[in-house]
Every structure is written in C-alpha cells, then in structure tokens.
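Keep the structure open while reading.

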Amino acid sequence: PMEYIRSLMTQTTSGKMLSAGYGGGTGNMEYESLTGFNMGNFSSALTPYTQVTSHYEFYPTIGMNFPYSSAIHPFKGTYYGRIDNYRRFKFNKFAYLGSKYKIYDQKSLGTSPYLSDETAYQNGLRQIKSRKGGQFINLISMQNHMPYGDYYSPNEYKDNVSGSSLADDNVKTSFAAYTKGVEYTDKAVKEFIAQIDKLNKPVTLVFYGDHYPSIIDQSLLAKYPLKMHSTTYFIYSNKYAREHGAKSKIVPDKYVATSSFIPMALEQTNAKVTAYQALLTRIYKDLPAMTINYSSSDGFELVDQNGKKVSEKKLTKKQKELLKDYKLIQYDMSAGKGYTLDVKGFYK
C-alpha cells in the first residue's frame, strides 16, 4: 500500500521514528517534533500540551525561526489544547474546522467521517503559495485516524489480511480499512510531492507517522516493543531547494528520535543553527536515539542502530555531559523558570 513512499525513501533521508505512543498520544509526538524536547526525559507519562506548556506565556518551537508560522488540521482544533498552545507558540494562524480560516477542498473517501489526506495537502499547498517569504507549516492529517470502519469499496485488502492476531472479523475489517487508507495516503503524498517540485521556492517536508493504530493486540507491545513503536518517516527537499543548496539526503539513521527532526531538517537544508539547535544536532549525532522507556512508565531508553537498548551507564563522559545539558534545558522549559528564554540567540 506504500509503494510510492517506500520508493521515495530510497532517494531521500528516511528511516524509522521511535514513537512515544501506541494507539494514541498524537500531541506528544507533535510536542517533540516542534520543540526538540523528548518525552523520555519526563519522569512519568504525561501530556506536555496540557500539563507543561500551559505554565509558560511563550513556549519555543522551530516555528519561531521563521517570519511566519501556521498550523493546518482538517478536523476540530480543540484536541490537546492546540488552539491555546499554538497561540502560546506565537503561530500566526491555525486553520481547522470551525476556525475563522477556511479549510478548502473538503473531500472524504468512501463513507469515512474524516477529511482526506488530499484535502490536507491541498490546504498545505495553498498556504505555501499564499506567502512570498519563508514560513513554517505544521500540518496534521486526519484521514487514517481511528475508528476504522468498512469505509472503502472496493477494498481488495479485505480478503488479504490474515494472522493469529487478526482472528476476529472486526479486527480484520479494521486492518483492511487502515491498509486501504494508507494506500490513499501514498497516492496523496505522490501528488503533493509532484506539486511542490513545480514551485520556484525551497520547500522541505518532514513526513512522519505519529504512532501505529491500536488494531493489533496490545499484548504484542511487550513482545515487540521496538517494532510496535517504529513508524515511518522521511525528509524531502523539493527540486528548487536542492538546486539552491539543500541536500537530497543526509546519512540517515535507521532509528531516530521524534525530537531529532529539527536538527535533521536543518542539516539537510544547510541552515544556520541557534545554540539550542547546535545542541540538538550534537544529541542527534553523538547519542543513541532516545525515546520513552517501553517497558516502564518512567524514564527513557536509548536505542542503537541495531535496535538494541543502550545502558546510560555505558555512555562516554562526553555523551553523559550532552545528556545532562539536554535534561537541564528541558527541565527549565518544563518545571523551571524559563531562564533560557532570556538568553539572546539561544532559541531564535
């Protein structure tokens, strides 16, 4: 179902993202990708969008490095306190269903209650074209969200899913619907890439799956923790960007932290970095990938490129110093006074 995306992944930066969720928690991965902070650094399971960012009048994100920032979500805007949080992030615009900004080209597939990825990408393209200068866009799709009913007809996957964990007919139906949805996503991504390649302005797209749907029996989480949390990502720079200094790909890691997308995108685009982004770059390059502890609700785990856990005790002195600096800064923007916000040039 992902024929185009898998082909594209061989040509650009791509791999597996270590998700902090399974079956839910979209806002947590969004927090990581926008801020560069990692869910693994929190001592227990929490939702930063409702329990952390609300303590600050302003919260730093990658969006502050652009003259204009916006978010697009072809669904309701209230989940994870996004309306308040995007205001706290100083986003200039948030388009969602019911907002003062229209969601254009509204289409759904079959009998699905959700707007399609094609709708999401067309609104993203419209926003790209609406401004001449640089901008940041946070685009959250909705098409393949649960629940997964028998939405699509025909759906050739209905008779082609099997396995011991899919014995129940309802589970098979859900899995077939999700798989068909992924196929529709693949086609929408192909069209979107073709459209941004025609633009005479540089565009770099960070595409990632926030988490897998909880279709498969959750008892398998303990047996296959890494596989059940390793979602697909790629970072694509359009033709114009590549012709003007962006790289086609950086040497990708097989496993990356969601919080590493900021330094990875900056490296691919040969962009200047702030002090904080320089630290994120060192974290990304010099440490194993970080994520939540998959076997416990507390702490983090480090994963090497073979998918094996790495003990914090086995880190070098330099690696431990990097990790300590990272934790201190995240603490400052979680339970601290936000001292780093007052350091000129640190975040922006």
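The model is predicted. Begin with an open sheet of three strands, paired in parallel and ordered β3-β2-β4. Its edge strands are β3 (93–96) and β4 (136–139), each of which pairs on one side only. On average, and with direction ignored, neighbouring strands of this sheet are turned by 15° against each other.

Within this sheet, strand β2 (residues 69–73) is joined to β3 by four bridges in the parallel sense.

Two packed helices are described by the angle between their axes and the distance between the axes. For α5 and helix α6 (residues 169–196), the axes come within 9 Å and cross at roughly 15°. Angles under 35 degrees count as roughly parallel, so α5 is roughly parallel to α6. The crossing of the two helices is right-handed.

Which residues make the contact? From α5 come Asp117, Glu118, Tyr121, Gln122, Leu125 and Ile128. From α6 come Thr185, Ala188, Val189, Phe192, Gln195 and Ile196. By class, the residues of this contact divide into seven nonpolar, three polar and two charged.

Turning to aromatic rings, the structure holds 27 aromatic pairs. One of them is formed by Tyr49 and Phe89, whose ring centres lie 5.9 Å apart and whose planes stand at 55°, so the pair is tilted. Tyr49 belongs to helix α3 (residues 48–51), while Phe89 sits in the loop between α4 (82–88) and β3. The two residues are 40 residues apart, and their pair links distant parts of the chain.

Further along is another open sheet of three strands, this one with antiparallel pairing and the order β8-β9-β10. At its edges stand β8 (289–292) and β10 (309–310). Each of these has a single partner strand, so one side of each is left without a neighbour in the sheet.

Strand β9 (residues 300–303) pairs with β8 in the antiparallel sense over four bridges. As a reference point for this pairing, Ala289 has Val303 in β9 as its bridge partner.

Notes: Residues are numbered from 1 along each chain as its sequence is written. This is a predicted model: local features need pLDDT of at least 70, side-chain atom pairs count only at pLDDT 80 or more; totals for chains, interfaces and linings use all residues. Side-chain values use heavy atoms; hydrogens and water are left out. Two strands pair if DSSP finds at least two bridges between them. Axes are lines fitted to C-alpha atoms, for helices over the stretch in contact, and angles run from 0 to 180 degrees between N-to-C directions. Angles under 35 degrees count as roughly parallel, over 145 as roughly antiparallel, 65 to 115 as roughly perpendicular and the rest as oblique. A crossing is left-handed if the near helix is turned anticlockwise from the far one by less than a right angle, and right-handed if clockwise. Contact means heavy atoms within 4.5 Å. Ala, Val, Leu, Ile, Met, Phe, Trp, Tyr, Cys and Pro count as nonpolar, Asp, Glu, Lys and Arg as charged, and the others, Gly among them, as polar. Rings of Phe, Tyr and Trp (its six-membered ring) pair if their centres lie within 6.5 Å; planes under 30 degrees apart count as stacked, over 60 as edge-to-face and the rest as tilted.
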